[in-house]
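Below is a walk through the pockets and part of the strand pairing of one protein model.

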Amino acid sequence: LYRGLMRDVLLEPDQTQKLVREWTPIREHVKEGEVPTGLTALPLALTASGINEQTANRLRKWMPSLSANMGTTSADIAEKWAGKIELEPGGTLTIPQIVGDFNFAILGTVTEVVGDRVYGFGHSWNANGATSWPMGTGYVHTFVNLKTMSFKLGQMVEVVGVIQADEAAAVYGRVGKKPPMVPAAIEVEWPYLDRRENFEVKIAQNQRSDPFLATVAGINAILYRGGLPWDHTIRYRIEMRFEGIPSLSFSNISSQSDVFDIIDDLLGPLGLILNNPWKEVKLTGMEMKAAISDEACVARIKSAQLNQRIFQPGQTVIATLVLQPLRRPTFGVQVCLLLPSDLPPGKYKINIGSDLNYRRVLQDAQPHRYVAYDTDDIQRILQERLSLGRNGLYMTMLLPQKGLAIEQDELPYLPGSRSMLLNDKSRKTATTQFRPLLSSKIDTDYVIVGKQLFDIEVREKY
């Protein structure tokens, strides 16, 4: 997972599902027509307030049984009963995951209370042993009776302590303790509606669940009004703060891609950072600002041409491109690349294209730069990756000399004999061949799609 961090997708769907399954509170319901035999643990209910159906539809990609367990809640009930419900045997015990302008919580039953000690569920949640989940009171609206298995619809009321253990026989918590939670501030603007909303939530701090929960918070705010326009563009800025490494901060644009680009920008980086094998890293805060317009801002590269095909060292390669926006007139742009004054004569390839194409060029040319050996490497590489805007038009050219990297230390001018010795497969040290790269970029108002390739020749000055 920590090699090739400029690859197209950071976490494949099966890797994402694995991450979510290790956290997920959902137990599958008995299938229709089946009757459980013997003792069967009731499914833990998942209750949500302010998490709309649009968000839930995207979450089911990782949690297929979500629809069977998810109930809605009432802010009026929470306000009415806050401070008035005590945890007692047979009462409702909740494990809040998101608290604030929208809520997301696990709902079960109190087994026993001894002083400030609370035992619940009568079984584990996900058997993580020592934990520090928020512990809350709850309110049950109704029971749903089925022949196969009944369940209850209820909600979290308020956080009153900390779940300190999740073991085979029960979850265990203490009333009065303060749980660690991650503040998230999200601002969403709909210019075409002349509306802006600010959302404040807190997320339970946990390395397994935070990638998922932070993503839920982000996309639910964007889908707050029930979905995106048919033609849409989202311009957004995200900052993720951590304990132990520098923040990740970046801006980007997405168009005609629903919320899936934003999911990729949140879920993959957080999943890799928080679950890395080298050092414990905690998410300590997240801020996100997004503006949603009702227009499509996608443009494909329709055609391109160079000012010439034969160059001398020190000259500038000028590419004129025609971009075709969706349902709009074409327009032209230029991107330039200055050739080094000491560039050896020979034939070269010019590559012009999108951010996705540029990432592939970087990964192929300099793979050693995108392998992480510690948490600082992860942060550095992901910051570079996330800073590559989708609205950028990138122009690159590989240089002829080949270098050798020992892990991330570059040896660009090795004689061939030394390179062969260091690259011997019998050596345990990781060595990688790489190529220097020239690049330039211009920003546009559109998400760029496609690429163009050109052959050029460089001749000696005369």
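The largest pocket is lined by 33 residues, and Asp-8, Asp-261, Asp-264, Arg-359 and Arg-390 lie nearest its centre. The elements giving two or more residues to this lining are α1 (13-23), α6 (260-274), α7 (355-365), α8 (375-386) and β24 (447-449). Of these, α6 gives the most, with eight residues. The pocket holds about 710 Å³ of space. A pocket here is an open set of points on a 1 Å grid over the protein atoms alone, where a 1.4 Å probe fits, with protein on both sides within 12 Å along at least five of seven lines; lining residues have an atom within 4 Å of a point. Volume is the space filled by probe spheres set on the points, which are joined across faces, edges and corners.

This is a predicted model, in which local features need pLDDT of at least 70 and side-chain atom pairs pLDDT 80 or more, while totals for chains, interfaces and linings use all residues. Residues are numbered from 1 along each chain as its sequence is written, and side-chain values use heavy atoms, without hydrogens and water.

The second largest pocket has a volume of about 350 Å³. Its 18 lining residues include Lys-349, Asn-351, Val-361, Thr-396 and Leu-398, which lie nearest the centre. Two or more residues each come from β18 (346-353), α7, β19 (392-398) and β25 (451-458). Helices (H or I, at least four residues) and strands (E, at least two) are DSSP runs, numbered from the N terminus.

Elsewhere, strand β13 (residues 282-293) pairs in the parallel sense with β9 (residues 181-190) over six bridges; pairing requires at least two DSSP bridges. Ile-186 has Met-288 of β13 as its bridge partner. Strand β11 (residues 233-243) runs antiparallel to β13, joined by eleven bridges.
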